[in-house]
Amino acid sequence: MTVRTNQTTTLRITRIIGTNSAGKDSYGYLNFSGVNPEVTDEDLLDVGTKLAGLQALPVKDIGRLDSCHLAEQH
């Protein structure tokens, strides 16, 4: 059986910070770590949307990054 340990969740807001020499968007990221991994996607999107509304730069995306360690349980 495989178990997850050390689960972490981060809220990531992707902002458009300008354009590169080819005319494509350049991105900057705001990462909010320490989010409870049990939070629902809907609640995290709601918080992300509210934080995005405080940004002066245009927001491209609101994302969730989940990470954990996997181990076999004996």
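Let me start with the charges. Across the whole structure, a search turns up 3 salt bridges. One of them joins Asp41 and Arg64. Their closest N and O atoms are 2.9 Å apart. This pair ties together distant parts of the chain. Asp41 belongs to helix 1, Arg64 to strand 3, and 23 residues separate them.

A word on confidence, since this is a predicted model. Mean pLDDT for the protein is 96. Residues at 70 or more make up 100% of it. Helix 1, residues 41-52, has the highest mean, at 98. Strand 1, residues 2-19, has the lowest, at 95.

What is the strand order? It is 2-1-3, in an open sheet of 3 strands, and the pairing is antiparallel. Strand 2 and strand 3 are the edges. Each has a single partner strand, so one side of each has no neighbour in the sheet. From one strand to the next, the twist averages 30°.

Where does helix 1 go? It packs on the sheet and touches strand 1, strand 2 and strand 3. Its direction makes about 30° with that of strand 1.

Next, the pairing in detail. Take strand 1 with strand 3, residues 59-72. How many bridges join them? There are 12, and the two strands run antiparallel.

Thr9 has Val35 as its bridge partner in strand 2. Arg12 stands opposite Asn31. Ile16 has Tyr27 as its partner.

Follow strand 1 onward and you reach the turn. Strand 1 and strand 2 form a hairpin, with 5 residues between them. Which residue in the turn has a positive phi? Gly23, at about 85°.

Back to Arg12. Besides standing opposite Asn31 in strand 2, Arg12 has its charged end over the ring of Tyr29. The distance to the ring centre is 4.5 Å. And how many aromatic pairs does the whole structure hold? The search finds 0.

To recap. Asp41 in helix 1 and Arg64 in strand 3 make the link between distant parts of the chain. That's my overview.

Key:
Residues numbered from 1 in each chain as written. Predicted model: local features only at pLDDT ≥ 70, side-chain atom pairs only at ≥ 80, totals over all residues. Heavy atoms only, no water. pLDDT = per-residue confidence, 0-100. Helix = DSSP H or I, 4+ residues; strand = E, 2+ residues; numbered from the N terminus. Pairing = 2+ DSSP bridges. Phe/Tyr/Trp six-rings, centres within 6.5 Å; stacked < 30°, edge-to-face > 60°. Lys NZ or Arg CZ within 6 Å of the ring centre and 35° of its normal. Axes fitted to C-alpha atoms, helices over the stretch in contact; angles between N-to-C directions. Contact = heavy atoms within 4.5 Å. Salt bridge = Lys/Arg side-chain N within 4 Å of Asp/Glu carboxyl O.
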